[in-house]
Amino acid sequence: MVDKRKLEDVSRHIGEAVLDPQRWSTLMEEICKAVGATGAAMLQSDIRTEDIPRTASVAEFFDKGYFQNNLHVGDVRAKRGVPLLLTRTNVVTDADLFRSENEMLRDPLYAALGEWGLKWFAAVGFRAGPALWGLTIQRTPQQGMFDGDEVAILSQLSARLTEAATLSTAVGRTAISSLTNALDLMERPALAIDRRGGLLGINSKAETYLSREFVVRGGRLSLTDKDANAELIRLTDQLRLMSDLQAARLSPLVINRATRRPLVLQLLPVPPAARSPFLGARAILVLKELDRAATFSQDLIVKLFNLTPAQARLGISVANGASLEEAAAELGVALETARNHLKAIFAKTDTHRQGELIALLNKIAK
């Protein structure tokens with residue numbers, strides 16, 4: 001059932017997901033078409049969270065069957081398949097995990113798969129840095145199990161997936177580092193966290209707050225203000241459940257201090273290139289001292305939201321309290337041009353009204 005030419009064509013396009021993680025879902029759908037399968041998902045060998053990339057065709061199974069019923073906790077395919085992927089092969093199938101079909105069908109996971117019209121699977125192992133992942137491809141009973149020839153063809157995907165996933169992780173880290181360094185130049189303390197609240201990066205300004213306003217234990221960020229830390233835990237729980245492809249839009253936190261005015265901890269979305277499933281970046285945290293006057297960096301706004309310089313100038317003018325007419329006059333452009341700029345700004349910042357835009361830009365004011 002595998003169309004080798006079609007699979008090779010998809011394989012050549014896997015690198016496109018390095019800079020655009022949203023491509024993963026489409027690529028997995030194309031792989032399924034090439035191999036005669038119904039759907040696919042990406043699972044990490046030791047951590048299986050609900051935000052995994054998957055095709056729409058199996059999304060309901062993973063949401064309502066796999067995770068809600070805690071089948072991910074004792075997934076037999078991980079228990080028996082991961083050691084094989086680590087030592088013997090690039091691809092595992094049901095035939096590698098069970099002595100017979102009857103034994104397979106007695107497993108709780110396969111009973112659940114049957115309820116959703118699914119049965120046979122193959123997992124292509126690949127790495128994202130040191131982490132082992134599996135592209136799990138699912139077939140129905142009618143589509144049949146994967147045979148030896150199909151496994152040999154699928155194994156050719158492993159190296160290409162490893163290359164893309166590893167590069168995607170590196171590009172994501174570079175994007176985060178560039179942003180936190182840019183904030184450092186603006187004297188804005190900034191940190192980056194992953195889906196579990198783990199620290200991915202910190203700039204030198206933020207390091208000055210270590211051991212005072214926050215600490216890092218076991219690689220995880222913790223605030224010294226107990227109330228603020230409880231709120232941070234709640235927010236990181238929200239972040240954990242969000243898709244890698246979603247931009248974080250969460251409320252700021254107030255960190256109270258005994259002898260100084262409070263700090264505001266603002267959560268900014270990570271750059272799109274850092275929203276890969278393999279890095280797990282979720283948010284940039286920026287600390288703001290309340291006793292400092294607010295100013296805006298045009299370069300940072302351009303970089304954060306992919307605005308043109310003209311759009312950034314208009315956004316800053318509006319954020320400083322100017323009406324659209326006043327902003328147009330200030331910038332020396334026609335009112336209609338200003339309206340077009342504002343529409344583009346709304347689209348790129350995922351806002352819908354001037355009030356939302358002002359609130360968003362003030363979150364990154366210096």
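This is a predicted model: local features need pLDDT of at least 70, side-chain atom pairs count only at pLDDT 80 or more; totals for chains, interfaces and linings use all residues.

Reader: Which residues of α7 are buried?

Author: An α-helix has 3.6 residues a turn, so residues three or four places apart point the same way. In α7, which spans residues 108-115, the buried residues are Leu109, Tyr110, Ala112 and Leu113. Viewed down the helix axis, the buried residues of α7 fall within an arc of 155°, so they line one face of the helix.

Reader: What covers the buried residues of α7?

Author: The cover includes the helices α3, α4, α5 and α6, together with the strands β3 and β4.

Reader: Which residue caps the N-terminal end of α7, and which residue takes a positive phi just after α7?

Author: The cap is Asp107, with a side-chain oxygen 2.9 Å from the backbone nitrogen of Leu109. Just after the helix, Gly117 has a positive phi of about 75°.

Reader: How should I read strand β11: is it enclosed or open?

Author: One counts its buried residues, meaning those under 20% relative accessible area. In β11, residues 281-289, nine of the nine residues are buried, so the strand is largely enclosed by the rest of the structure.

Reader: Which strands are joined to β11 by bridges?

Author: Strand β5 (residues 190-194) runs antiparallel to β11 and is joined to it by five bridges. Strand β10 (residues 263-268) is also antiparallel to β11, with six bridges. Leu285 of β11 is the bridge partner of Leu191, and Leu267 stands opposite Leu285 as well.

Methods:
Residues are numbered from 1 along each chain as its sequence is written. Side-chain values use heavy atoms; hydrogens and water are left out. Buried means under 20% relative accessible area, exposed over 50%, partly exposed in between (1.4 Å probe, protein chains only). Helices (H or I, at least four residues) and strands (E, at least two) are DSSP runs, numbered from the N terminus. The arc is that of the directions from the helix axis to the C-beta atoms. Contact means heavy atoms within 4.5 Å. A polar contact is a pair of N or O atoms within 3.5 Å; within protein, one must be able to donate a hydrogen and the other to accept it, and residues adjacent in sequence count only if both atoms are side-chain atoms. Two strands pair if DSSP finds at least two bridges between them.
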